[in-house]
Amino acid sequence: MAVGKEILTKIRSVQNTQKITKAMQMVSTSKMRKTQDRMRLARPYAEKVRIVMSHLAQVETEHKQLPILESRENIRRAGFILITTDKGLCGGLNANLLKKFLGQVQEYQQQGVEVEVICFGSKGLAACNRAGLNVVASAVNLGDTPKMEVLLGSLTEVFQRYADGGLDIVHLVYSRFINTMRQEPNLETLLPIGHNVLNEISEAEEYGREYVYEPSPILVLEYLVRRYLESVVYQALCENMASEQSARMVAMKAATDNASNAIKELRLIYNKSRQAAITTELSEIVAGAAAV
């Protein structure tokens, strides 16, 4: 019964793995609800800042004087803010995101454009190091609750480099949360800010009022632009964390189900081998009795 003992050892090993995946599934389910609530709570602030900034941009026609709002025709140096997870076991979430990111990087490199990357998350940082990309800043081990103070240093550096002409375009790459079963890799242009962000106001939002700002509209607009950009990155980080927990919950559920199927198959093989051993023993006994 040496074969039977080996099968029983495999069954116990799969059962232990199933306990781990089941526990990880329950933990991810609990965290997923918190991350989704945090993601939804971050949206109204970003939307309100966008509306106020749009009103000011329409009233103040000199907003194009701000360096951070300038558009560059020739792109010589591109920056990426890459948001990935710190941990694995979340299906193809990071793989799909990095595939989209590296594809865009390859297009820029073929055009002779220099690429600089800021990584939030250890998986993206490891991938950029393997690809030999220029990582100018990074932040890892962000935890389950994103904190804005951890991001401010790197974001301030990016915005300042764009305003000074060190970067001609800045992209934001993250996993967008659609629903529990679906997350999409998203690559959007963070800088320059599109005209649809600054000037798109519906008829219901056109109040026809003139605003008075202190100390000046330009300074207020510059402050709002930075707060808006920071809120966009923070919202992307919240969505990426919600996507991570949802993808991990689905992946661990699939692993738990696969473990159950593997246990069933192993038990069937064990029962067949045990039945075969019993049949062999009976045959030997009958043959011995007949010989006597």
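Trainee: What volume does the second largest pocket have, and what makes a space a pocket?
Mentor: The second largest pocket holds about 330 Å³. On a 1 Å grid over the protein atoms alone, a pocket is an open set of points with protein on both sides within 12 Å along at least five of seven lines, whereas a cavity is a set where a 1.4 Å probe fits but cannot get out. Grid points are joined across faces, edges and corners, and the volume is the space filled by probe spheres set on those points. The model is predicted, so local features require pLDDT of at least 70 and side-chain atom pairs pLDDT 80 or more, while totals for chains, interfaces and linings use all residues. Residues are numbered from 1 along each chain as its sequence is written, and side-chain values use heavy atoms, without hydrogens and water.

Trainee: How do you know which residues line the second largest pocket, and which lie nearest its centre?
Mentor: A lining residue has an atom within 4 Å of a point. There are 20 of them, with K87, D144, E244, Q245 and R248 nearest the centre. Two or more residues come from each of α1 (2-59) and α6 (217-291), and α6 gives the most, namely 6.

Trainee: What makes a lining residue nonpolar, polar or charged, and how many fall in each class in this pocket?
Mentor: Ala, Val, Leu, Ile, Met, Phe, Trp, Tyr, Cys and Pro count as nonpolar, Asp, Glu, Lys and Arg as charged, and the others, Gly among them, as polar. On that basis the lining of this pocket comprises 6 nonpolar, 8 polar and 6 charged residues.

Trainee: How many cavities does the rule find, and what lines the largest cavity?
Mentor: The count is 1 cavity of 30 Å³ or more. The largest cavity contains about 60 Å³. Its lining includes G79, F80, I81, E116, V117 and I118. Elements giving two or more residues to this lining are β1, β2 (114-120) and α4. By class, the lining divides into 8 nonpolar, 1 polar and 2 charged residues.

Trainee: What makes a segment a helix or a strand, and how many of each does the protein chain have?
Mentor: Both are DSSP runs numbered from the N terminus: helices are H or I with at least four residues, and strands are E with at least two. The protein chain has 6 helices and 5 strands, in the order α-β-α-β-α-β-α-β-β-α-α.

Trainee: Why are F80 and F101 called an aromatic pair, and what is its geometry?
Mentor: Rings of Phe, Tyr and Trp (its six-membered ring) pair if their centres lie within 6.5 Å; planes under 30 degrees apart are stacked, over 60 edge-to-face and the rest tilted. F80 belongs to strand β1 and F101 to helix α2, so the pair ties together parts 21 residues apart in sequence. F80 also pairs with Y108, edge-to-face, at 5.9 Å centre to centre and 65° between the planes. That pair links parts of the chain 28 residues apart, with Y108 in helix α2. The count is 2 aromatic pairs, and the ring pairs join F80, F101 and Y108 into a cluster.

Trainee: How do you know whether F80 is buried or exposed?
Mentor: Buried means under 20% relative accessible area, exposed over 50%, and partly exposed in between (1.4 Å probe, protein chains only). F80 has 1% relative accessibility, so it counts as buried. F101, at 0%, is buried, and Y108 is buried as well. Of the 292 residues of the protein chain, 42% count as buried.

Trainee: What makes the peptide bond from L191 to P192 cis?
Mentor: Its omega is near 0°. P192 is in the loop between β5 (182-191) and α5 (195-199).

Trainee: Why is the charged end of R227 said to sit over the ring of Y223?
Mentor: The rule requires NZ of Lys or CZ of Arg within 6 Å of the ring centre and within 35 degrees of the ring normal. The charged end of R227 is 4.6 Å from the centre of the Y223 ring, over which it sits.
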